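Subject: The model you asked about

Hi,

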Amino acid sequence: MAGAVEKKLADLGIVLPTPAAPVANYVPFVRTGNLLVISGQLCFDGEGKLAAKGQLGGGVSIEDGAKAARACAINLLAQLKAALGDLDKVTRVVRLGGFINSAPGFADGPKVMNGASDLMVAAFGDKGRHARTTIGVSALPLDAAVEGEGSFEVS
């Protein structure tokens, strides 16, 4: 039976995908005590395609970037579900990190990353409010527009 968080996601029309397997020498998540850290997730959509490809400020709009950040957040939630079995075990979204594939001079990365932050608050309510870092980078794997990572307090 789905928990409260998964019901909220369903109400938002979100179905969690099968989490992506690591493609290099790392693990998808690490738990130490009550802290679960999820490795970077690219902006794959439900069909396994990048939600946005290329650089923000160089062909990818802020709106499309925010949708890509939301896709990263959905993939973070899929990894959380794989790690915990039940998203209701998340007691706090501690931190999100966002890497924005940015053209030189692009300074609106925080607006892009709101796509991920807004979803965490929608899914977890006040427990979804978090610290955040947004960093513009010159390239990401597969020319993805956004990559997101996260740290979560869990029971």
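Predicted model: local features only at pLDDT ≥ 70, side-chain atom pairs only at ≥ 80, totals over all residues.

Residues are numbered from 1 along each chain as its sequence is written, and side-chain values use heavy atoms, with hydrogens and water left out. Helices (H or I, at least four residues) and strands (E, at least two) are DSSP runs, numbered from the N terminus.

Back to Leu 36. With a relative accessible area of 1%, Leu 36 is buried (buried means under 20% relative accessible area, exposed over 50%, partly exposed in between, with a 1.4 Å probe and protein chains only). Not counting residues up to four places away in sequence, Leu 36 touches Phe 29, Val 30, Arg 31, Leu 80, Ala 83, Leu 84, Gly 150, Ser 151, Phe 152 and Val 154 (contact means heavy atoms within 4.5 Å). Gly 115 is 79 residues from Leu 36 along the chain, and their C-alpha atoms are separated by 21 Å.

One of those partners, Leu 80, takes us to helix 2. That helix runs over residues 62-84, 23 residues in total, and reaches 32 Å from its first C-alpha to its last, close to the 33 Å expected at 1.5 Å a residue (the expected span is 1.5 Å times one less than the number of residues). Leu 80 itself is buried, at a relative accessible area of 0%. Leaving out residues up to four places away in sequence, Leu 80 touches Leu 36, Ile 38, Gly 85, Leu 87, Val 90 and Phe 152. Between Leu 80 and Val 94 there are 13 Å in space, C-alpha to C-alpha, and the two are 14 residues apart in sequence.

Now the core. The largest nonpolar core has 39 residues, and the ones touching the most other members are Leu 9, Leu 80, Leu 96, Met 120, Phe 124, Val 146 and Phe 152 (a nonpolar core is a set of buried Ala, Val, Leu, Ile, Met, Phe, Trp, Tyr and Cys residues joined through side-chain atoms within 4.5 Å). Two or more residues each come from helix 1 (4-11), strand 2 (35-42), helix 2, strand 3 (90-101), helix 3 (109-124) and strand 5 (146-154). Helix 2 gives the largest share, ten residues. As for Met 120, its contacts, apart from residues up to four places away in sequence, are Ala 73, Leu 76, Leu 77, Val 93, Leu 96, Gly 125, Gly 128, His 130 and Phe 152.

Ser 151 sits in strand 5 and counts as buried because its relative accessibility is 13%. Residues up to four places away aside, Ser 151 touches Leu 35, Leu 36, Val 37, Val 93, Val 94 and Arg 95. Ser 102 is in the loop between strand 3 and helix 3, and it also counts as buried, at 11% relative accessibility. Its side chain reaches the backbone oxygen of Ile 100 at 2.9 Å. Neighbours within four places aside, Ser 102 is in contact with Gln 55, Leu 56, Gly 136, Val 137 and Ser 138.

Then there is the loop between strand 4 (131-137) and strand 5, where you will find Leu 142 and Asp 143. Leu 142 has a positive phi of about 60° although it is not a glycine, and Asp 143 has a positive phi near 60° too. Leu 142 is exposed at 56% relative accessibility, whereas Asp 143 is partly exposed, with a relative accessible area of 36%. In strand 4 itself you can look at Thr 133, which is partly exposed at 31% relative accessibility. Beyond its neighbours within four places in sequence, Thr 133 is in contact with Arg 95, Leu 96, Gly 97 and Gly 98.

Cheers

How values were computed: Polar contact = N/O pair within 3.5 Å; in protein donor to acceptor, adjacent residues only side chain to side chain.
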